[in-house]
Amino acid sequence: MEFTREIYWNVGHGAETLIPMYLFAFIAIGVMVRGILKRVEVYKQGLPLNRTDHPGKRLLHMVKGALLQKKVVRVQWPGLLHGLFFWGFGLLFIGTTLIVIQADFTDLFFDVKFLKGTFYLFFSITLDVAGLVCIFMLAGLLVRRFFFPPEGLVTKNDDFIMHGLLLTILVTGFLIEGSRIAVTELGTPLSYWSPMGLLVANGISGMGEGGLRALHKVIWWSHLLMVMGFFILIPLTKFRHIFTSSTNFFFDDLGPKGKLINLDMENEDAETFGTTHLKETTWKDIFDADACTLCLRCQDRCPAWNTGKPLSPMKVVNQLGEVAFHNPDANLIETFEKDVIWACTTCFACQEICPVAIEHVRKIIDCRRAMVLMEGEFPGEEVMTAMEATEVNGNPLGIGYAERADWASELGIKPLAEDAEVDILYFVGCYASFDKRNISVAKSFIKLCQAAGVKVGILGKEEKCCGEPMRKMGNEYLYQTVAAENIEAMKSYGVKKIVTTCPHCFNTLEKDYRDLGFEIEVESYTVFLQKLLTTGKLRINSRELSCTYHDSCYLGRHNTIYDAPRALIAAAGGRLIEMEKNRAEAFCCSAGGGRIMAEEKIGERINIKRVRMAVETGAETLLSNCPFCLTMFEDGVKGAEVEDSLKPKDIAEILAERII
Amino acid sequence: MKILVCIKQVPDMESKFKVDAGGTWYVKTDLAWRMNEYDEYAVEQAVQLKEQVKDADLTVLCIGSDKVKETMKKALAMGCDRGAHVADDAADTKEPFQIAGIIAEYAKDKNFDLIFTGMQSQDRGSAQVGILVAEMLGLPGITTVVHFAYNDGIIEVKRELEGGIKACVKVASPAVVTCQLGLNTPRYPTLPNIMKAKKKELLSIPVDDLLKIESRQETAKMYFPEKKGGGLVLEGDAADLADRLVKILKEKTGVLG
């Protein structure tokens, strides 16, 4: 006897089953499609944004993000529960589809059956196990959500409906299987290939064939109706994330990571800049809100949220959704609230962890653009002063531009205007040029280059702020002004390669300036120095150092440079004790997103919180790679009253101390 | 209503200054230029007044080389309607009486209801131009204004006196007002206004057309103050430090007398 089973057993193969079944299916799918199209109309309120270029690349990204659940499983336990549920449900979906194909197509029209023999055995056991896994995973998720919810987890009606419906669909599936096995397979070897079904069959076999057949029929139809209900509910509940979250990977920003969209400053017809109302957002911003599953991961990692500031990236995304669906004329800036918009450090922790590829940061910057460019508004007068200082002197510190190269004179470093024959141009940045503490980093870097025989030039007084803090604070106009001047200066000297010690400068030159016709190679000093060490051009003594290392947001998350700095620390003899939050999970220093120019007036100080994390490691030195981080940590060790036991330093400094 | 605001382009005070070869002014290389701080308050107040009365025409006037047009554009972006640029490459050699003469000559037949300017410039700091303009035009002049209100031709202001004392002054327009720190917070120009400013009228007038008076004073010399003795750092425990500090204050100063 060949292993197989009768599809539509007990419910009938004829029109009395197929007609109502397909009628229900068409109605359900019709209602679902109508629901989806209605939502698409809402997305269309946004501005156009091309997110369908490179379809192959996008599809691959979607496979990784959705099918492989790559980002979902980053948070281990709930991620794994969801992942296994998803894959199990996927198998059940494929299994059901195969049944439909055979029963209502190949068998019906061509008398071809493929659910038989060995394939059927594996088919049977696969679906059985998949169903079981789904039940356990769903139960796990249910217990987590309803009995031990993490702080802040929002549970709505949608969640009751989703857990209840899915669980009932799974359980009724096994009841259908069990009642069928009880009548047709009990005592046959085939039954062992449906272990869970067999268990149910044994439990209910006492009902007798009549009872079992009646039960089977009732549950079969209820199961079908519930599945149809599930389809209808997709656009109406958070079930929609099955479509929206997965396609959000297709529509994701393909990079460069975190790069903002350039505003066209020459467009004289533009009446508004940035986002005040929904009609000034893109469709993708609205779609993002529909992809959000309220998983809390972004909020959990947001440095602003974690220090008592009102910003929750999750809330911003969902408020935008609320406005799009229910109040499209609302003022988004007032909806989000200004303190929320100013609190973001653009640290990217939210986007890095988001399991559904939502772009939180751009939404916040777009609002800042409107506030700064349309209203001339800033989080505080100190920020306006820094902006004006940058307009006048090319640096937010307000120091005379002519003094920009003063730090370098004793090291024999000349501006390109005096000597343009150099191996690299060191784009110094404002802090390493003017801030006393950070000048030490610039000097250390020069000493390392000189020890390795690299001839370095600087722009000197021709260098201006790269514009990053201004751009992230929303002042696109000022950013583009200083950027254009820097680009012109760098191009005019025929520079071949640029190295930066500031990850904000690095990120801006390497990504943002590319939109402004800048093509010169740019490298972070960590990568540059590591190459000099590997090639033997730079030689340093290894001398033990107890240290922890802070991944700056802009070298780490924004540019995924995690290993080069660690290699440098190891080469210097650093005994690195990692903080709990490191690499992609690193906690911000507070100074990104232009916040370096702003006072932190709400909640706990972010830099002190980060310093305390460093203190927990017991290390004596807190190493970083960024002038903003170093500045915040020098301040933070004082705030945390640990300045005697923890010394903030830049990696360049410990390397320079060890030059052979 | 016709309003005039007079501004000056000055070096950023964070710059490193050097005395020029003539020994009467600073060297102009390596300096960053901006609007005189007090004139920013004047522009802001003028724009606020324009916004208040709605039907007003606001002219910004600046004397200097072509370079000052950059600063004038900021005033236009802040909300001035038109620019009057008095082209003069040697503006820094002119004394306040001449500068005031130029402004008065420009303004005399234009019937301005109000003329705003900073209470002094950050570089020369004579604090004379505003009041001289008032005198030359025969208008009341009110200096060091920290609060300004206008209602139906009547100006009510608060002036800042020594020691934080305020004087309330009431005057009917037309008048000249010089503005002091604390009057307002100058706005940051919005991008649409920066764009609009590029298209606003900015006419240059040769200085010779307006300069009708001779200078009366001359800068003889400009120099940095001599460096005198450095500071004194006291170290030790707090009680001892207090005693030593009291002793020094008694011996070397009169503050405890």
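1. In which sense do β1(B) and strand β6 (residues 114-118) of chain B pair, and over how many bridges? The two strands are parallel and share four bridges; strands count as paired when DSSP finds at least two bridges between them. Within β6(B), Leu114(B) is the bridge partner of Ile3(B).

2. This is a predicted model, in which local features need pLDDT of at least 70, side-chain atom pairs count only at pLDDT 80 or more, and totals for chains, interfaces and linings use all residues. Residues are numbered from 1 along each chain as its sequence is written, with chains lettered from A and ligands numbered from 1 in the order in which they are written.

3. Strand β1 (residues 2-7) of chain B also runs parallel to strand β4 (residues 57-64) of chain B, joined by six bridges. Here Leu4(B) lies opposite Thr59(B). Strands (E, at least two residues) and helices (H or I, at least four) are DSSP runs, numbered from the N terminus.

4. His223(A) belongs to helix α7 (residues 208-236) of chain A. His223(A) has 18 other C-beta atoms within 10 Å and is therefore partly exposed. Beyond its neighbours within four places in sequence, His223(A) is in contact with Ile169(A), Thr172(A), Gly173(A) and Ile176(A) (contact: C-beta atoms, placed from the backbone, within 7 Å). From His223(A) to Lys363(A) there are 140 residues in sequence and 42 Å in space, C-alpha to C-alpha.

Definitions and conventions
A residue is buried if 20 or more other C-beta atoms lie within 10 Å of its own, exposed if 12 or fewer, and partly exposed in between; C-beta atoms are placed from the backbone. Two residues are in contact if their C-beta atoms, placed from the backbone, lie within 7 Å.
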